[in-house]
Amino acid sequence: MRFHLLLPIAYLLFTSACAQPSGSAHTNALIDETSPYLLQHAYNPVDWHPWGDQALEKAEEEKKLIIVSIGYAACHWCHVMEHESFEDSTVADFMNEHFISIKVDREERPDVDQIYMNASQLLTGRGGWPLNAVALPDGRPFFAGTYLPKDQWMQVLRKLVETYQDDPERLQTIASEVTEGIQTIDQLEVASSPTTYSQETLNQLFQTWKPQIDFDWGGNQGAPKFPMPVNLNFLMQYHYFSGDTSAKEAVLTTLDKMALGGIYDHLGGGFARYATDAKWKVPHFEKMLYDNAQLVSLYSNAYQLTGDSLYSEVIYETLEFIEREMTSPEGAFYSSLDADSEGEEGKFYVWTAEEIEATLGSNAGNFTSYFSISQKGNWEAGKNILYANQRIADFAQSIGTSSEKVKKSLQQAKSRLLEQRSERIRPGLDDKILTAWNALMLNGYVDAYRALGDPRFLQSALTNANFLKSQIIQSDFSLTRSYKDGVTSIPGFLDDYAHLIAAYINLYQATFEESWLYTAKSLTDYVLENFQDAKTPMLFYTSSRHASLIARQKEIDDNVIPSSNSVMAKNLWTLGLLLAEDAYTTRAQSMVNTVYSSVEEYPNFHANWASLLGNIVHEPYEVAILGESSQITRQGMDKQYLPNVLFLGGQSEGSLTLLENKLVTGQTTIYVCQNKVCKLPVTQVGAALAQIR
């Protein structure tokens with residue numbers, strides 16, 4: 001649903017006011033929380049409360065307006081607003097007198113964030129973090145905005161208090177309109193969209209999308225540039241099905257420019273959140289688990305497609321970063337690294353030319369040339385971001401030497417600088433463990449294993465998968481969202497289930513251990529029972545067992561992370577094929593039909609749905625591999641990019657219907673099937689690939 005802005009009525013609230021700086025130490029109710037973001041604010045003079053019944057009931061009892069301030073630990077502008085406003089005693093005194101102030105970690109409570117982010121979109125047409133909403137005592141919002149300097153923040157608060165005292169009906173009117181908008185924003189009709197699709201359907205989606213692609217620098221046109229793995233995965237899949245070279249060009253240009261650009265950490269591996277410019281040069285320096293997880297999967301798929309060594313290097317270096325800096329002793333994955341250290345964004349990652357020369361000495365020449373280092377700085381105030389304008393082979397040719405020699409020289413320099421960098425004060429680590437993001441990283445490790453065959457990647461995946469199974473999955477197959485210091489908290493949301501189911505399905509295909517597949521099925525059945533929308537085939541973001549908010553929302557649009565509904569639709573489609581559960585595939589098809597009009601209009605905001613459409617149009621192959629060497633054979637096939645192939649098998653027939661009566665004693669046999677109908681069995685990977693192609 002597309003909505004009209006409520007900005008004109010909300011805008012009437014704002015006139016002038018001022019605040020005076022001051023400051024004092026204070027301990028508030030956040031001190032007992034585990035979220036690093038909430039704990040960052042535990043000593044603010046603002047009397048922050050965590051989200052929950054206690055704070056909401058207090059607002060109702062005292063008839064006070066509610067400030068809902070939402071952010072996350074790695075958010076730069078969240079830190080700025082905290083220092084400017086929430087650490088200021090004058091601001092805090094005013095907030096404490098007139099409001100009940102609630103701090104929310106958007107990563108722990110995406111359900112709350114979703115409500116107030118939708119309010120911001122309705123009121124202003126924009127969103128972002130920090131998100132600061134003001135609501136009536138019953139939680140219904142009437143104001144929302146992002147970062148505001150202290151004077152503007154106080155101006156807004158004073159006017160809102162004045163209006164609440166003198167004209168409360170105005171706020172009631174706005175709150176009612178916003179709440180109605182929130183409650184209807186994701187409503188979808190069970191549409192009369194087509195129930196059959198064709199390659200022409202996919203062609204039209206790409207043609208609608210194509211004008212927005214930056215074929216020179218990758219990603220979407222303009223700046224800032226965000227890595228969008230789900231979008232690039234669809235374009236890669238579309239190229240495979242259509243042969244359209246421009247789709248492949250869009251993907252590989254993006255991957256190349258990102259891998260060479262400043263958004264990539266050339267010393268320590270891993271990607272920053274986004275680039276502030278159109279050429280991937282200047283990063284917003286925070287590192288998020290979910291970005292790196294999905295990018296590992298994306299580069300793994302691209303390596304299967306191309307065999308490009310640059311992509312395998314990115315995979316190895318990024319997973320080394322994850323292991324070194326983002327992995328807990330239990331084998332779980334932390335959430336993020338801050339953009340700031342010592343109060344300065346990017347300080348940990350940037351270099352002066354003098355620092356590089358002092359560390360590398362006479363060996364600095366190739367390094368400074370390759371990474372565009374200058375005495376005056378290639379960024380700001382004499383500081384240099386490490387980024388390259390070309391691949392090593394091209395650089396080596398330009399200076400008349402061998403690429404092997406340059407590569408060795410650069411690697412030695414990078415190792416020395418990484419060692420030197422490790423002595424700096426590090427950015428803050430958000431060490432909470434989120435189920436959905438761990439599942440994405442688990443999936444990344446599985447994809448890296450399947451593409452590169454390194455058993456260390458599979459071991460990391462299995463360690464994490466078992467951690468989630470033992471600590472996060474409850475006996476009734478409900479999930480918890482967050483884990484920290486041995487304690488789980490917050491009921492799981494649809495994305496927690498969706499991404500974990502997807503990861504376990506992928507893990508089954510990499511190992512042929514059926515327990516992962518059946519755990520995925522049990523989680524799926526729990527979702528269908530507890531997240532159901534009786535009016536449509538779509539699923540709510542919160543469980544029916546979850547505490548109610550002012551609206552029960554759905555995630556439909558794909559963004560930096562694919563929407564939980566699109567992931568669940570893919571899960572249902574895949575499980576339906578692997579387990580011969582026709583009800584699952586029928587449900588998935590109904591979900592696609594319901595959202596298709598939106599996919600058709602805005603394909604780049606529904607890329608994961610478009611990928612599922614690709615697999616509906618191009619019916620997947622079910623490849624059964626049975627016999628003593630089933631794993632070796634599967635590894636041989638996994639060297640190829642095969643986006644419409646599902647693998648199943650093992651050394652025995654197991655319990656899956658599709659494997660019945662297919663084991664041949666004394667040999668490893670490959671059956672290439674579609675819709676449960678199999679071609680003649682073969683024993684060689686090449687022969688099986690020929691049947692697929």
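Visitor: Let's start with Asp265: which loop is it in, and is it buried or exposed?
Guide: In this predicted model, Asp265 sits in the loop between helix H11 (245-260) and strand E6 (274-275). Its relative accessibility is 8%, and the cut-off for that call is under 20%. So Asp265 counts as buried.

Visitor: And what is Asp265 in contact with, leaving aside its neighbours within four places in sequence?
Guide: Asp265 is a loop residue, between H11 and E6. Leaving aside the neighbours within four places in sequence, the contacts of Asp265 are Gly270, Lys287, Tyr349 and Arg421.

Visitor: Staying with H11, how far apart are the C-alpha atoms of Thr253 and Gly218?
Guide: Thr253 lies in helix H11 and counts as buried, at 16% relative accessibility. Setting aside neighbours within four places in sequence, Thr253 is in contact with Phe215, Asp216, Trp217 and Gly218. Thr253 and Gly218 are 35 residues apart along the chain, and their C-alpha atoms are separated by 5.2 Å.

Visitor: What about Gly627 and Phe605: how far apart are they in space?
Guide: Gly627 is in the loop between strand E16 (621-626) and helix H25 (630-637). Along the sequence, Gly627 and Phe605 are 22 residues apart. In space, C-alpha to C-alpha, the distance between Gly627 and Phe605 is 43 Å.

Visitor: Then which residues is Gly627 in contact with, leaving aside neighbours within four places in sequence?
Guide: Gly627 counts as buried, with a relative accessibility of 2%. Once neighbours within four places in sequence are left aside, Gly627 is in contact with Gly650, Gln651, Leu663, Gln667 and Thr668.

Visitor: On to helix packing: how do H12 and H13 run relative to each other, roughly parallel or roughly antiparallel?
Guide: Two packed helices are described by the angle between their axes and the distance between the axes. For H12 (residues 289-306) and H13 (residues 309-325), the axes come within 9 Å and cross at roughly 155°. An angle over 145 degrees falls in the antiparallel class, so H12 is roughly antiparallel to H13.

Visitor: By class, what does the contact of H12 with H13 have?
Guide: H12 passes H13 in a left-handed crossing. Residues making the contact include Leu289, Val296 and Tyr303 of H12, along with Val314, Ile315 and Phe321 of H13. By class, the contact has 11 nonpolar, 5 polar and no charged residues.

Visitor: H22 and H23 next: roughly parallel or roughly antiparallel?
Guide: The axes of H22 (residues 564-578) and H23 (residues 582-601) come within 7 Å and cross at roughly 150°. The crossing of H22 past H23 is left-handed. With the cut-off over 145 degrees, H22 is therefore roughly antiparallel to H23.

Visitor: How many charged residues does the contact of H22 with H23 have?
Guide: Among the H22 residues in the contact are Leu572, Trp573 and Gly576, and they meet a set in H23 that includes Tyr584, Arg587 and Met591. By class, there are 8 nonpolar and 4 polar residues, and the charged count is 1.

Visitor: Why are the buried residues of H14 on the same side of the helix?
Guide: In H14 (residues 353-360), the buried residues are Ala353, Ile356, Thr359 and Leu360. Residues three or four places apart point the same way, because an α-helix has 3.6 residues a turn.

Visitor: Which helices are included in what covers the buried residues of H14?
Guide: H14 is followed by Gly361, which has a positive phi, near 60°. As for the cover over the buried residues, it includes helix H15 (364-370) and helix H17 (403-421).

Visitor: Is Asp485, with its positive phi, buried or exposed?
Guide: Most residues other than glycine have a negative phi. Asp485 is not a glycine, yet its phi is about 55°, and it is found in the loop between strand E14 (480-484) and strand E15 (487-491). At 61% relative accessibility, Asp485 counts as exposed.

Visitor: What is omega for the cis peptide bond that joins Trp129 and Pro130?
Guide: Most peptide bonds are trans. Pro130 lies in the loop between helix H6 (110-124) and strand E4 (131-135), and the bond joining Trp129 to Pro130 is cis, with omega about 5°.

Key
Residues are numbered from 1 along each chain as its sequence is written. This is a predicted model: local features need pLDDT of at least 70, side-chain atom pairs count only at pLDDT 80 or more; totals for chains, interfaces and linings use all residues. Side-chain values use heavy atoms; hydrogens and water are left out. Axes are lines fitted to C-alpha atoms, for helices over the stretch in contact, and angles run from 0 to 180 degrees between N-to-C directions. Helices (H or I, at least four residues) and strands (E, at least two) are DSSP runs, numbered from the N terminus. Angles under 35 degrees count as roughly parallel, over 145 as roughly antiparallel, 65 to 115 as roughly perpendicular and the rest as oblique. A crossing is left-handed if the near helix is turned anticlockwise from the far one by less than a right angle, and right-handed if clockwise. Contact means heavy atoms within 4.5 Å. Ala, Val, Leu, Ile, Met, Phe, Trp, Tyr, Cys and Pro count as nonpolar, Asp, Glu, Lys and Arg as charged, and the others, Gly among them, as polar. Buried means under 20% relative accessible area, exposed over 50%, partly exposed in between (1.4 Å probe, protein chains only).
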